[in-house]
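User: I am new to this structure and would like to learn how to read its main features. Could you take me through them step by step?

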Protein chains: 2
Amino acid sequence: LKAENLENIADLLTSFYSGSVKTLAKIITFVENERPERTEILQQLYRRTGHAYVVGITGPPGSGKSTLTGKITLELRKRNLSVGILAVDPSSPFSGGSLMGDRLRMKEISWDEEVFVRSMATRGALGGLARTTADIVKVLDAFGKDIILIETVGVGQVEVDIIKTADCTLLVCVPGLGDHIQALKAGIMEIGDIFVVNKGDHEGADHLCSDISMMLDMSSSKDIRPPILKTIATLGEGVPELTEEILAYRQLLQKDIETSLRRINKAKEEIIDLLIREISTVVQQKIFFDSSFEESIIQIIAREKDPYSYVKLITESFEKYCQDKFSSISNINPTNLK
Amino acid sequence: LKAENLENIADLLTSFYSGSVKTLAKIITFVENERPERTEILQQLYRRTGHAYVVGITGPPGSGKSTLTGKITLELRKRNLSVGILAVDPSSPFSGGSLMGDRLRMKEISWDEEVFVRSMATRGALGGLARTTADIVKVLDAFGKDIILIETVGVGQVEVDIIKTADCTLLVCVPGLGDHIQALKAGIMEIGDIFVVNKGDHEGADHLCSDISMMLDMSSSKDIRPPILKTIATLGEGVPELTEEILAYRQLLQKDIETSLRRINKAKEEIIDLLIREISTVVQQKIFFDSSFEESIIQIIAREKDPYSYVKLITESFEKYCQDKFSSISNINPTNLK
């Protein structure tokens with residue numbers, strides 16, 4: 001980066017720290033578009049992070065996640081907490097992709113200066129989406145948001161990766177979605193710290209609650225048993241209680257003896273992700289135009305070599321490099337860390 | 001791998017080369033489940049690959065891709081070509097996930113020994129799915145399949161990555177799907193080598209054809225202008241012509257002066273993908289329990305260090321390692337390769 005750019009970054013950060021929402025939006029765009037300046041900015045911001053409480057809100061389309069997110073935001077505002085909302089969901093009304101009615105309902109929020117709403121494009125960014133989300137959470141955190149709500153749709157791998165960013169995850173269910181319990185069975189239970197049965201006045205809501213409860217009995221590996229709450233998001237019913245539960249969970253986390261270990265592992269995973277991403281870029285750039293690589297490719301296409309052995313060779317050499325670099329590995333007994 | 005396992009692999013391959021469909025299925029399962037044996041097997045198989053013609057069939061849900069895949073298969077069988085079908089689509093009738101009617105229609109295929117059908121689970125494997133698909137294509141190729149059809153739904157990043165495996169890609173459109181043209185606009189045109197307007201008797205089919213044609217006029221960067229064909233897959237109408245077009249495209253590819261360069265780049269990308277995957281695994285394993293890494297994490301959590309600078313440091317060291325390893329890089333002028 002040129003000196004000129006670094007100066008601009010300094011200006012940008014001054015404006016950011018003074019609370020300019022416009023600059024906040026600009027920096028998020030830098031991160032989202034992977035502009036080269038982002039790394040310098042994130043490096044600088046990082047020291048101001050660690051304050052925000054990150055809450056993931058996930059569930060199938062039609063479960064009322066967005067409405068719920070809106071109502072929870074209103075409750076948090078009543079408690080004078082500032083809120084950042086990240087909607088990683090193309091159908092979310094926060095993304096402008098949904099019914100007018102929903103969007104009107106969100107108006108109460110959009111008039112509030114202490115609520116920052118950002119929707120993220122999912123097309124194209126897949127793969128890097130979890131990484132980008134984690135970085136944007138840091139930006140919102142450094143900006144001073146007390147609570148960051150991340151809304152994601154569905155329960156695919158990308159969503160699970162995104163939700164790992166959260167300190168607390170709400171799994172929103174609704175009665176009447178046929179194969180939903182099926183989805184829950186497929187290992188998704190584990191990501192829920194709080195279960196919400198929305199549309200609690202619909203037929204089958206109580207049945208769904210007891211189904212979830214039963215499944216938690218069978219499979220939950222958590223120290224804290226996830227509570228199950230009923231809400232009617234459209235009417236705001238049950239939302240104050242849910243908000244209390246969300247905030248109470250934070251208290252629990254802070255007291256929990258396992259939390260610091262969990263935080264370390266989370267930080268590790270995040271940094272390894274970042275590292276893998278950077279190293280991948282280097283591999284791509286360095287090898288693509290290398291002449292010995294070119295030769296090998298020709299031999300591979302001619303079936304004189306096979307790609308798997310070739311990759312194995314390079315990987316083994318890399319492994320040795322890592323061994324030298326992280327020489328202390330063999331001295332560490334993984335079980336000591338537990 | 002132990003000597004015992006290697007012996008088993010030799011037996012497995014003997015059975016595979018003799019044409020055992022059961023062994024073929026077993027090896028595919030090894031690849032799909034990332035069993036350690038798979039690398040040795042893929043290394044061995046590789047020399048027998050390079051014969052199959054890989055055709056991707058993609059399009060939105062409800063466009064009739066599966067029915068079309070079935071009918072194309074019947075046409076290929078009439079020409080005495082053996083077929084492998086890979087359905088990377090949870091809603092495909094090949095995956096058993098769809099209407100009974102569709103499944104019955106597929107019966108003609110399932111009775112044919114020269115047609116091997118495999119559906120792939122998309123849940124969980126995301127990210128690695130394109131890699132796994134490419135490996136399974138190699139297995140089917142080595143088994144002696146003349147044509148491999150890959151059916152994928154939609155047009156997300158994962159699908160685009162999968163479709164890169166194909167030599168020829170069919171983009172299936174249908175009249176009446178509102179935002180479909182929108183999706184086409186968003187850069188997806190480029191992956192289509194042949195455009196199929198299915199449900200060609202429905203209202204708006206001709207209109208859709210001319211829309212596609214217009215868009216190709218504006219945006220196509222290909223040397224060979226993709227043809228647009230109308231079909232009615234349920235009745236088999238237009239499918240013989242489409243099959244001819246698919247086979248003709250292969251002839252074109254073989255004659256095309258750019259093809260060998262394209263093949264080299266495709267092989268490069270595939271090997272770099274494989275390499276990145278392997279290197280990522282090494283990074284993950286080596287670093288996670290390293291004590292200096294542990295120390296840095298603690299400093300990062302305490303906000304004494306920031307993760308971005310830390311990652312940058314390691315990446316720069318890695319870059320230097322690559323520089324030594326691929327020393328010829330600086331001597332290569334990328335433009336010479338064109």
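**Reading the fold and the core**

Analyst: In chain A, buried residues make up 51% of the 338 residues, where buried means under 20% relative accessible area with a 1.4 Å probe, protein chains only. This is a predicted model, in which local features need pLDDT of at least 70 and side-chain atom pairs count only at pLDDT 80 or more, while totals for chains, interfaces and linings use all residues. Residues are numbered from 1 along each chain as its sequence is written, chains are lettered from A and ligands numbered from 1 in the order written, and side-chain values use heavy atoms, with hydrogens and water left out.

User: How many helices and strands does chain A have?

Analyst: Helices (H or I, at least four residues) and strands (E, at least two) are DSSP runs numbered from the N terminus, and chain A has 14 helices and seven strands.

User: In what order do the strands form the sheet?

Analyst: Two strands pair if DSSP finds at least two bridges between them. In chain A the seven strands form an open, parallel sheet in the order 3-2-4-1-5-6-7, with strand 3 (115-119) and strand 7 (228-230) of chain A as the edge strands, each pairing on one side only. Strand 6 (residues 194-197) of chain A pairs with strand 7 of chain A over three bridges, and A:V196 stands opposite A:L229 there.

User: Which residues touch the most other members of the largest nonpolar core?

Analyst: In general, nonpolar side chains tend to be buried together in soluble globular proteins. A nonpolar core is a set of buried Ala, Val, Leu, Ile, Met, Phe, Trp, Tyr and Cys residues joined through side-chain atoms within 4.5 Å; here the largest has 106 residues, and A:V139, A:F318, B:V139 and B:F318 touch the most other members.

How values were computed
Buried means under 20% relative accessible area, exposed over 50%, partly exposed in between (1.4 Å probe, protein chains only).
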